[in-house]
Amino acid sequence: MSAQKVLVTGAGTGVGRGIALAFAAAGAEVVLHYSHSGAGAQEAAHSITQGGGRAAAMPADFTRVDEVQGLARRAQEFLGGIDVLVNNAGITMNRSLEETTPEQFDTLYAVNVRAPYFLAQAVLPALLSVRGSIINISSVAGVRSCPESAAYCTSKAGLIMLARQVALDYGRCGIRSNAVCPGWVRTPMSEREMEELGKAIGKDREESFTEAVREVPLSRVATPEEVANVCLFLASDESSYMTGAVIMIDGGSTVVDAGTLAFRKAL
């Protein structure tokens, strides 16, 4: 792990920050991309360097392809190459099909699909030279429908297919590409969503988290570190024969047949 050079997008907070810190703790050199959470990314990079590691925080507006390509160039210059790309950056949008405007759709897809696509394209030569790895952080929403989230769910499904397509097209060149699909993870973003849910159902944030995972088999929310651990595995030789995989980190939520839950109390 010590030789790995890793670019993590959306690393200023939440899952991305946890992934970046985990790679650094394992000995990797890391570039932490951020769009808005600059303070968080810079603080994390500083803590890594203070601990003897090597890291840098780099901004890029993911609605602009030229900035995505610029990030790829600057990251490679700093790291001297790239072994692992973690496409984590993304935005959410709770809008039904009839409510979504073309502008909202375009912004969501620019960040969630177009940016990862062209970032992967930009770092592809570096990855080919080292038989590197791409890890796309999708979501349970990429494989299961969520209420009034048509654009968001389809964008996350697109990220899964991007991972699979890269696995097919570049597997013979030694590149591995996988997708990770978290369920609820304790992050500032999810906490804001739970506050909004709480307003709608008359509960506080913690009660809303409890309500959200009520039917999840493990009955709890994940931590960023639990997602990061799977990413470390996917970037390691321990997963050397895994590519095109779609891995759920969801506490078992996607194994539930919602139509049978009414029978639980009867059994």
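What follows is a chat about the sheet, the cores and some single residues of a predicted model.

Colleague: Before I start, what are the ground rules here?
Modeller: This is a predicted model, where local features need pLDDT of at least 70, side-chain atom pairs count only at pLDDT 80 or more, and totals for chains, interfaces and linings use all residues. Residues are numbered from 1 along each chain as its sequence is written, and side-chain values use heavy atoms, with hydrogens and water left out.

Colleague: OK. What order do the strands of the open sheet take?
Modeller: The order is S3-S2-S1-S4-S5-S6-S7. That makes seven strands with parallel pairing. Strands (E, at least two residues) and helices (H or I, at least four) are DSSP runs, numbered from the N terminus. Two strands pair if DSSP finds at least two bridges between them.

Colleague: Which strands sit at the edges?
Modeller: Strand S3 (55-59) and S7. Each pairs on one side only.

Colleague: And how are neighbouring strands turned against each other?
Modeller: By 20 degrees on average, direction ignored. The axes are lines fitted to C-alpha atoms, for helices over the stretch in contact, and angles run from 0 to 180 degrees between N-to-C directions.

Colleague: Let's look at S4. Which strands does S4 pair with?
Modeller: S1 pairs with S4 in the parallel sense over three bridges. S5 also runs parallel to S4, joined by four bridges. Leu7 has Leu85 as its bridge partner in S4. Val84 stands opposite Ser133 in S5.

Colleague: Are the faces of S4 buried or exposed?
Modeller: Both faces are covered. Val84 and Val86 are buried on one side, Leu85 and Asn87 on the other. Buried means under 20% relative accessible area, exposed over 50%, partly exposed in between (1.4 Å probe, protein chains only).

Colleague: What about the largest nonpolar core?
Modeller: It has 34 residues. Ile19, Phe23, Leu32, Val86 and Ile135 have the most contacts inside it. Among the elements giving two or more residues to this core are helix H1 (14-25), strand S2 (29-34) and strand S5 (133-137). A nonpolar core here is a set of buried Ala, Val, Leu, Ile, Met, Phe, Trp, Tyr and Cys residues joined through side-chain atoms within 4.5 Å.

Colleague: What is Ile19 in contact with?
Modeller: Leaving aside its neighbours within four places in sequence, Ile19 is in contact with Val8, Val86, Ile137, Ala228 and Cys231. Contact means heavy atoms within 4.5 Å.

Colleague: How many residues are in the second core?
Modeller: There are 27 in that separate core, including Ala56, Leu71, Ile82 and Ala89.

Colleague: How far apart are the end C-alpha atoms of H3?
Modeller: They are 21 Å apart. That agrees with the 21 Å that its 15 residues should span at 1.5 Å a residue. The expected span is 1.5 Å times one less than the number of residues. Gly80 follows H3, with a positive phi near 80 degrees.

Colleague: Switching to H5. Where does it lie?
Modeller: Helix H5 (residues 150-170) lies across S4, S5, S6 and S7. H5 runs at about 160 degrees to S6. The buried residues of H5, including Leu159, Ala163 and Val166, pack against S4, helix H4 (102-130), S5, S6 and S7.

Colleague: Ser177 in S6. Buried or exposed?
Modeller: Ser177 is buried, with a relative accessible area of 0%.

Colleague: So what polar atom is around its side chain?
Modeller: The backbone oxygen of Ala163 lies 2.9 Å from a polar atom of the Ser177 side chain. Ser177 is also in contact with Ile134, Val166 and Thr243, among others.

Colleague: Last topic. Which residues other than glycine have a positive phi?
Modeller: Glu148, near 50 degrees, is one of them. Ser219, near 55 degrees, is another. Most residues other than glycine have a negative phi.

Colleague: Where are those two?
Modeller: Glu148 lies in the loop between S5 and H5, and is exposed at 52% relative accessible area. Ser219 lies in the loop between helix H7 (205-212) and H8. Ser219 is partly exposed, at 48%.

How values were computed:
Polar contact = N/O pair within 3.5 Å; in protein donor to acceptor, adjacent residues only side chain to side chain.
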